[in-house]
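Welcome, and please open the model in your viewer. We will walk through it one selection at a time.

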Amino acid sequence: MGHARLQFRRFAGPRIRRVSDSILTLVSDIIIFHFVRRDVVKHKVISKGSEKVKTEIVTSSVKRTLTFPAMEAVLKFDYKSPEFARRLKRNGPTFVVVKILQRFRDIEKRDPNPKSRDEDMIKLLAIRDEIASGLVPDTAFAHVFAQISPVAAIVGGELSQEIIKAVSQKETPNRNVFLFNPDTCCGFVESIEA
Amino acid sequence: MVENSGMELTEQETELYDRQIRLWGLESQKRIRGARILIAGLNGLGAEVAKNIILSGVKSVTLCDDRIVSETDFCSQFFVPHSSVGSNRAEASLVRAQALNPMVEIIIDKENVSEKSDEYFGQFDVVVVIEAGTEALVRIDNVCRSKNVKFFAGDLWGMHGYSFVDLQDHEYVE
């Protein structure tokens, strides 16, 4: 208060200085009171102005339907067509390699075993020459034994995410085959149907 | 349909699944809570799928496998202990699978999935078939189509893997 009064005196100048001290004190106090009040009022205004305008992001969900082909349609798919050859070139021969390995299982009633590596490799290459001659290089069969855990985590992760999407009926499912290319270490989704 | 399931989560479930409810919403979690899943073929890929599904909090998971644990399983099948070579793969996976989430019912089936009757698949909402022959895959897919069950297949040889999805006519929101 004392400091404000001094300021006021300086501000008021010679006109007020002529008036007696008691009046001056009274006047200055009134003015200061007024200032304080104005401050309070001003503060209120500020708090009102800084209040955030409430915004809410409204997402509207859209209902959609997708139709999937059966397993039979995928097996009948013509992977030798010139149109698919372009996709094979871009994404790698994984789809055809998987077909060869599945056929090995159907014939041998087992999967390639590291204990009979050389023997199984000859059988795999024979199947390759029979059903997909010229589509898959020999080097593609370098890693076909047992299951490599990081790849299991990737394919298993994708598969379980699809299961959760299907059960919760939320988000667009991948239609309809997911493949993992070991050369680029990339997974990709192919739409495969006859 | 994409309608409400009408099932309420318990307080304990809401607490455990809190973070995934934030991710995909309460309604999704309720639907997941009601799902009965069959996972046939408990190799490394099957174990990964089973782990993720059990953690997500479904109603029940049936682990179906007639194969025995072999040394090649130790590359990636993290459910089976090394001492279990020679025992049934689904049975050997039970203890560690259940430890992930005690709130999910885990059922062990030691029979071959390709020898199951058509009715067997009708009791599930989702059927996942791993490590099966082509003939079995086609048959089970057709059975699932006739019973309106979501069908999934997948496999992994070394580093070559695939997953196949058949949801027939699937309604969803995005």
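Begin with the whole structure: a search over all chains finds 29 salt bridges, each being a side-chain nitrogen of Lys or Arg within 4 Å of a carboxyl oxygen of Asp or Glu. Before going on, note that this is a predicted model, in which local features need pLDDT of at least 70 and side-chain atom pairs count only at pLDDT 80 or more, while totals for chains, interfaces and linings use all residues. Residues are numbered from 1 along each chain as its sequence is written, chains are lettered from A and ligands numbered from 1 in the order in which they are written, and side-chain values use heavy atoms, leaving out hydrogens and water.

**A salt bridge in chain B**

Select Arg89(B) and Glu131(B), whose side chains meet in a salt bridge (3.0 Å, N to O). Arg89(B) belongs to helix H5 (residues 89-100) of chain B and Glu131(B) to the loop between E4 and H7 of chain B, so the pair ties together parts that are 42 residues apart in sequence. Helices (H or I, at least four residues) and strands (E, at least two) are DSSP runs, numbered from the N terminus.

**Where the chains meet**

Now show both chains. The contact takes 63 residues from chain A and 55 from chain B, where contact means heavy atoms within 4.5 Å. Together the chains bury about 5,600 Å², 63% of it on carbon and sulfur atoms; this is the accessible area (1.4 Å probe) that two parts lose on being put together, summed over both.

How many salt bridges are there between chain B and chain A? The count is 3. For a salt bridge between side chains, select Arg105(A) and Asp155(B), at 2.8 Å, N to O. On chain B, the side that touches chain A draws at least two residues from each of several elements, including helix H4 (44-56) and strand E5 (150-157).

**Two helices in chain A**

Next, pick helix H6 (residues 94-108) and helix H7 (residues 117-131) of chain A, whose axes come within 10 Å and cross at roughly 115°. Axes are lines fitted to C-alpha atoms, for helices over the stretch in contact, and angles run from 0 to 180 degrees between N-to-C directions. Among the residues that meet are Ile100(A) and Phe104(A) in H6(A), and Leu124(A) and Ile127(A) in H7(A).

**Two backbone stops**

Select Lys109(A), in the loop between H6 and H7 of chain A. Lys109(A) is not a glycine, yet its phi is positive, about 60°. Finish at Asn176(A), in the loop between helix H8 (149-168) and strand E2 (177-181) of chain A. The peptide bond from Arg175(A) to Asn176(A) is cis, with omega near -5°.
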